[in-house]
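Visitor: I would like to understand the words used for this structure. Could you show it to me, and then take my questions in turn?

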Amino acid sequence: GRWHVEVVEDRSGVEWVPDRVLGLLARWPDALLVVMTAGPSGQVVPELLQRDVKVGAPGREDGHRVELLTLRDHAAGCGLLETYVRAGKLAHALIDGSPDPRWRVALNGARTKPSADAWVWSLKDSTVDPMHLTAAANALLGAVRREPGSVVDSVW
C-alpha cells in the first residue's frame, strides 16, 4: 500500500542519460519519464526529441513517454514527497530490495529554499547532493498524477 522509489542509476553529468532513457523505455514500454525542464535534466530533452521520443506537458493523453515538469510542478512534488515520507506512504530500496542508506543521508543533509509559495531542495545550501530527492519528488508527482489503473506501471 506504499509508493516505491529507487535509484536506478547514479552517475555524474547528463550526457549518458538519453541512451539510458531509451534502454529503460524499451525495457518498460508503459513507463513514463518525468523531466524537470529547469536545471541540467532539461538538457536531455532536445536529444530525446531528435530520437523520436514523444515529449509532452503534464496531463496530456497523446501517448507521450516523457513528461516535462516546471519548477512549480517540482515544488508540488517536493511537498508531496515530504507528506508521503512523514505519513509512511513511501518505500525506498536498492534494486536487490535492501534499504538504501542514501535516502537517510539525503533526507538528513538536504536543505530547502522557498519557491513562490512552496519550497524545493537547495543544491547550494545542502550538505549532501539532494538529486535523489529531486528525482524521487518528480517521479512521485508523475505517478500520483496518473489515473488509477493507468497503463503506466513505473515512473522514473
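Visitor: Which residues does valine 53 touch, not counting residues up to four places away in sequence?

Guide: Valine 53 touches Leu22, Leu25, Leu48, Arg65 and Val66, with those neighbours in sequence left out, where contact means heavy atoms within 4.5 Å. Please keep in mind that this is a predicted model, in which local features need pLDDT of at least 70 and side-chain atom pairs count only at pLDDT 80 or more, while totals for chains, interfaces and linings use all residues. Residues are numbered from 1 along each chain as its sequence is written, and side-chain values use heavy atoms, with hydrogens and water left out.

Visitor: Why is valine 53 called buried?

Guide: Buried means under 20% relative accessible area, exposed over 50%, and partly exposed in between, with a 1.4 Å probe and protein chains only. Valine 53 has 9% relative accessibility, and therefore counts as buried.

Visitor: What makes glutamate 9 and arginine 20 a salt bridge?

Guide: The term asks for a side-chain nitrogen of Lys or Arg within 4 Å of a carboxyl oxygen of Asp or Glu. In the pair of glutamate 9 and arginine 20 the closest N and O atoms are 2.5 Å apart, and the two form a salt bridge. Glutamate 9, at 29% relative accessibility, counts as partly exposed, and arginine 20, at 29% relative accessibility, counts as partly exposed too.

Visitor: How do you know that aspartate 73 and arginine 145 form a salt bridge, and which parts does the pair tie together?

Guide: Their closest N and O atoms are 2.7 Å apart, and the pair forms a salt bridge. Aspartate 73 lies in helix H3 and arginine 145 in helix H5, so the pair ties together parts that are 72 residues apart in sequence; helices here are DSSP runs of H or I with at least four residues, strands are runs of E with at least two, and both are numbered from the N terminus. Aspartate 73 counts as buried at 12% relative accessibility, whereas arginine 145 counts as partly exposed at 36%.

Visitor: Why are the buried residues of H4 said to line one face of the helix?

Guide: In helix H4, residues 101-109, the buried residues are Trp103, Ala106 and Gly109. Seen down the axis of H4, they fall within an arc of 150°, so they line one face of the helix, the arc being that of the directions from the helix axis to the C-beta atoms. The face turned away from this buried side carries the exposed residues Pro101, Arg104 and Asn108.
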